[in-house]
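Biologist: I have a structure on my screen and would like to learn how to read it. Could you take me through some features, one by one?

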Amino acid sequence: MKKWKYLTMTAVMGSALMLGACGSDSAQNGNNTETNAPASSGQEAADEKLQGSVAGDGSSTVAPIIEAVVEEYAGAQPDVKVSVGVSGTGGGFEKFIAGETDFSNASRNIKDEEKAKLGEAGIDYTELALAYDGLSVVVNPENDWAKDLTVEQLQKIWIEDGKDKKWSDIDPSWPDEKIVYYSPGTDSGTYDYFDEIILDGADLVSSATLSEDDNMLVQGVAGDKNAIGFFGYAYYLENKDKLNIVKVNGVEPNNETIEAGEYTPLSRPLFTYVKNSAMKDNEAAYDFIKFTLENAGDMAEAVGYVRLPEEKYTEGLKTLEGLK
């Protein structure tokens, strides 16, 4: 990746984070991120200039990667209008099923019921992997006790049991203070993933503050000594001066542990799902997704995620080419 990309990525990341968590209200109200002007870019423009429009929606965990790609793509194809909303993984799939988008970003695999609805709508789709994320558990910087949690302790903290929980309920040596919870909203793929992997389908604590804006979760945890929350690794990196990250089963999420598969069970792939007919019939949509796969590894690393092995991107590009 060229050096200038790293120098400008802080600004790109800031723009991406304004989108909110997997399901921002602003996205649902139609305030999509839209780029149709050239970015300041050192990348050579493509030989063929395209015109047209591309529409996407979905996960805010994936949003920093896509926002960075959109910024770069504008320099290569300034006449292509790329609009990306952030309704959350579930909200993005709803728009995808309704035929409103060409691609849908997701921080989890598509659900069986979503597959069925796409089939009923006559929409064929293809899953393309973009990067790896380590779903991160965070606490307030003044929290000097919950530094390393087991999966069993996470379950005890987060599963609803009809009682107000204190930190001392988890470990008698910890403070006799109520735990304050901040969680992504139910439209979020991050919520779904945590529910499946940690809660095993049980109910999340009813006292949790659910927000469709990851930045609000950051502010909540940063503002309360007894708070705990979770979201994508890139959001922790962007706010690590305000938060402490928690080890899970003795392993701290970072590029090395996520890529090596050591940070389990909270490591996960990030995806975009493309509408096959759009890849065939909309040259601008095909070109944008191709550009995304070609640059996703660099952009993922730049905004705090982990790139896939290069052969995975090569496989994705071959799959995409087969749709044209």
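Modeller: Let's go from the overall fold to strands, cores, single residues and a pocket. This is a predicted model, in which local features need pLDDT of at least 70 and side-chain atom pairs count only at pLDDT 80 or more, while totals for chains, interfaces and linings use all residues. Residues are numbered from 1 along each chain as its sequence is written, and side-chain values use heavy atoms, with hydrogens and water left out.

Biologist: How many helices and strands does the protein have?

Modeller: Helices (H or I, at least four residues) and strands (E, at least two) are DSSP runs, numbered from the N terminus. Here there are 14 helices and 13 strands.

Biologist: What share of the residues is buried?

Modeller: Buried means under 20% relative accessible area, exposed over 50%, and partly exposed in between, with a 1.4 Å probe and protein chains only. Of the 324 residues in the protein, 53% are buried.

Biologist: Now the sheets, please. Which strands pair with β4?

Modeller: Two strands pair if DSSP finds at least two bridges between them. Strand β2 (residues 52–58) pairs with β4 in the parallel sense over three bridges, with Gly58 opposite Asn105. β13 pairs with β4 in the antiparallel sense over four bridges, and there Ser104 faces Tyr273. Strand β4 (residues 103–106) is covered on both faces: Phe103 and Asn105 on one side, and Ser104 and Ala106 on the other, are all buried.

Biologist: In what order do the strands of the five-stranded open sheet run?

Modeller: The order is β9-β8-β10-β6-β11, with mixed pairing. β9 (209–211) and β11 (244–245) are at the edges with a single partner strand each, so one side of each has no neighbour in the sheet. For β11, strand β6 (residues 136–139) pairs with it in the antiparallel sense over two bridges, and Val138 has Ile245 as its bridge partner.

Biologist: Which residues touch the most other members of the largest nonpolar core?

Modeller: In soluble globular proteins, nonpolar side chains tend to be buried together. A nonpolar core is a set of buried Ala, Val, Leu, Ile, Met, Phe, Trp, Tyr and Cys residues joined through side-chain atoms within 4.5 Å. The largest one has 81 residues, and Ile65, Ile157, Trp158, Ile228, Met279, Phe288 and Tyr305 touch the most other members. Helix α13 (residues 283–303) gives the largest share of this core, eleven residues. A second, separate core of nine residues includes Phe96, Ile110, Leu118 and Phe271.

Biologist: Is Asn226 buried or exposed?

Modeller: Asn226 is buried, because its relative accessible area is 12%. The residue sits in the loop between α9 (214–222) and β10 (227–231). Contact means heavy atoms within 4.5 Å; leaving aside neighbours within four places in sequence, Asn226 is in contact with Trp145, Trp167, Glu177, Lys178, Ile179 and Val180. By contrast, Lys81 in strand β3 (residues 80–84) counts as partly exposed, because its relative accessibility is 36%.

Biologist: Last one: which residues line the largest pocket?

Modeller: On a 1 Å grid over the protein atoms alone, a cavity is a set of points where a 1.4 Å probe fits but cannot get out; a pocket is an open set with protein on both sides within 12 Å along at least five of seven lines, and lining residues have an atom within 4 Å of a point. Here the lining consists of Ser107, Arg108, Asn109, Ile110, Lys111, Asp192, Tyr193, Glu196, Arg268, Pro269 and Phe271. The elements that give two or more residues to this lining are α8 (189–199) and β13 (267–275).
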